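My notes follow in the order I looked things up.

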Amino acid sequence: MTPRPPQRNRAHNFRIVGTIRNEAAELSLDWQPLESKLLAAAAYEPSRRRLYLRFHSGDVYRYFTFPAEQYQEFLDAESQGRYFLSHIRNCFPYERLPRR
């Protein structure tokens, strides 16, 4: 059986993306709703420097080595969608979490 190519997603470059299956069910995060056309909510784990973003599509991505001060900048941005596109997307290693 030939593996299927990854689906196209305008928000991400799939050369970095992997899918994690083991931790997704155990996540207990404090999600902050966002007023964005692109993003529905965000959560942050300061001890692990991990940013979680939930898109309106339902997809959740986890970004690694994301600084706490940059998370506050993101939340305070006039447009979180534009901030994501210019300061987060393709700037940090990330994974797509499986849908529940």
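**Entry 1: Y71**

I began with one side chain. Leaving aside neighbours within four places in sequence, Y71 is in contact with Q32, A42, A43, Y44, L51 and F66. Contact here means heavy atoms within 4.5 Å. This is a predicted model, in which local features need pLDDT of at least 70 and side-chain atom pairs count only at pLDDT 80 or more, while totals for chains, interfaces and linings use all residues. Residues are numbered from 1 along each chain as its sequence is written, and side-chain values use heavy atoms, with hydrogens and water left out.

I placed Y71 in helix α1. Is Y71 buried or exposed? Y71 is buried, at a relative accessible area of 10%. The cut-offs are under 20% relative accessible area for buried, over 50% for exposed and partly exposed in between, with a 1.4 Å probe and protein chains only.

**Entry 2: the whole chain**

I then stepped back. The chain has two helices and five strands. Helices (H or I, at least four residues) and strands (E, at least two) are DSSP runs, numbered from the N terminus. From the N terminus on, the order is β-β-β-β-α-α-β. Buried residues make up 40% of the 100 residues. Of the contacts with a separation of 6 or more, 54% join residues 24 or more positions apart.

**Entry 3: the sheet**

I traced the strands next. Five of them form an open sheet in the order β1-β2-β3-β4-β5, with antiparallel pairing. β1 (32–33) and β5 (94–97) are the edge strands; each has a single partner strand, so one side of each is left without a neighbour in the sheet. Two strands count as paired if DSSP finds at least two bridges between them.

Two bridges join β1 to β2, which run antiparallel. P33 stands opposite A41 in β2. A hairpin of five residues links β1 to β2.

β2 (residues 39–45) pairs with β3 (residues 50–55) over six bridges, in the antiparallel sense. I found F55 in β3 as the bridge partner of L39. The β2–β3 hairpin has four residues between its strands, and R49 in the turn has a positive phi of about 55°. How many residues of β2 are buried? Six of its seven are, and the strand is mostly covered.

**Entry 4: helix α1**

α1 lies across β1, β2 and β3 and runs at about 160° to β2. Axes are lines fitted to C-alpha atoms, for helices over the stretch in contact, and angles run from 0 to 180 degrees between N-to-C directions.

Its buried residues are Q70, Y71 and F74. They cover an arc of only 105° around the axis, which puts them on the same side of α1. The arc is that of the directions from the helix axis to the C-beta atoms. E69 and D76 are exposed, on the face of α1 turned away from its buried side. The cover over the buried residues of α1 includes β1, β2, β3 and α2.

**Entry 5: helix α2**

I turned to the other helix. In α2 the buried residues are Q80, G81, Y83, F84 and I88. Seen down the axis of α2, they fall within an arc of 160°, so they line one face of the helix. They pack against β2, β3, β4 and α1. Just after α2, N90 takes a positive phi of about 65°.

α1 (residues 68–76) and α2 (residues 80–88) pack at an angle of about 145°, with axes 8 Å apart. Q70, E73, F74 and L75 in α1 meet Q80, Y83, H87 and I88 in α2.

**Entry 6: the cores**

I finished with the nonpolar cores. Such a core is a set of buried Ala, Val, Leu, Ile, Met, Phe, Trp, Tyr and Cys residues joined through side-chain atoms within 4.5 Å. The largest has 18 residues, and L51, L53, Y63, F74 and I88 have the most contacts inside it. The elements giving two or more residues to this core are β2, β3, β4 (60–63), α1 and α2. Apart from it lies another core of five residues, among them A43, Y52, V60 and L97.

What does F74 touch? Not counting residues up to four places away in sequence, F74 touches L34, L39, A42, L53, Q80, Y83 and I88.
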